[in-house]
Amino acid sequence: MKRTKLYLMGIGIAALFLLAPQARAEMQSGLFRIHLDTPILGVGVGSVDPDGPGGKSSFSGFQVGLGTPSMGLGLGGTLGKGFVLGGKATVAMAASDWYLADESEHFVWSLVPYIEYVFLKGLARPFVMGQLGFEGMHDTMGDVKFGWWSFLFGIGGGVHFMLSPKVSIDALLDLQQRFGTGRTKVGPVKDGFNHWRFSMNILLGLSIWL
């Protein structure tokens, strides 16, 4: 068993060295990027402030595990000198206690353009990024309908681990702030609210550079 582990470790190290000369190649301008990512750890805090009767309520959330709370698909391109411009769409089944203080789950979507600046040219390429986009949710439970939208902006940073010039494993720490409005409808009665949320997520992803 020990010999098997040593052999596998040796094969992994040898493969890394074989890939290293190519993976160290400079990231060219004009590359097309396709990427997938998912949070593996996330925390968030926020509040909901109704327009009508009732006071402001605060909430918090913690989620851990592959695929929670969302999966993202992104497209982008390199502009040269380390810049990557693109956008990402995410979908999620998220617990709405992050927004409306209950324990049910609802379909949430977001569209988030981003810009990255990638440092260095080696196997591990650190980067920083900025984001600006929208997020929303709408759901119906019996005679209760509710939904919200929010304006989203964020910053983040991480590392692209280049397996080859065309493939990278991506690790990212993502900080996002949201502000928006929503509405709850019970029969003919409608109530509006304002809300905000701050979240911090650690994401793991895969990028293809063509």
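The model is predicted, so local features need pLDDT of at least 70 and side-chain atom pairs count only at pLDDT 80 or more, while totals for chains, interfaces and linings use all residues. Residues are numbered from 1 along each chain as its sequence is written, and side-chain values use heavy atoms, with hydrogens and water left out.

Let's start with strand 5, residues 105-118, which pairs with strand 6, residues 124-141, in the antiparallel sense over nine bridges. Strands here are DSSP runs of E, at least two residues long, numbered from the N terminus, and two of them pair if DSSP finds at least two bridges between them. Within this pairing, Tyr117 sits opposite Val128 in strand 6. The hairpin has five residues between its strands, and Leu120 there takes a positive phi near 65 degrees.

Now follow the chain onward. Strand 6 is joined to strand 7, residues 144-164, by 18 bridges, and the two run antiparallel. Arg125 faces His160 in strand 7. This hairpin has two residues between its strands, and Gly142 in the turn has a positive phi of about 65 degrees.

What about the rings? The structure holds five aromatic pairs (rings of Phe, Tyr and Trp, using the six-membered ring of Trp, with centres within 6.5 Å; planes under 30 degrees apart are stacked, over 60 edge-to-face, the rest tilted). One of them is Phe134 with Phe151, edge-to-face at 6.1 Å centre to centre and 70 degrees between the planes. Phe134 lies in strand 6 and Phe151 in strand 7, 17 residues apart. Ring pairs also link Phe134, Trp149, Phe151 and Phe153 into a cluster.

Notes
Helix = DSSP H or I, 4+ residues; strand = E, 2+ residues; numbered from the N terminus.
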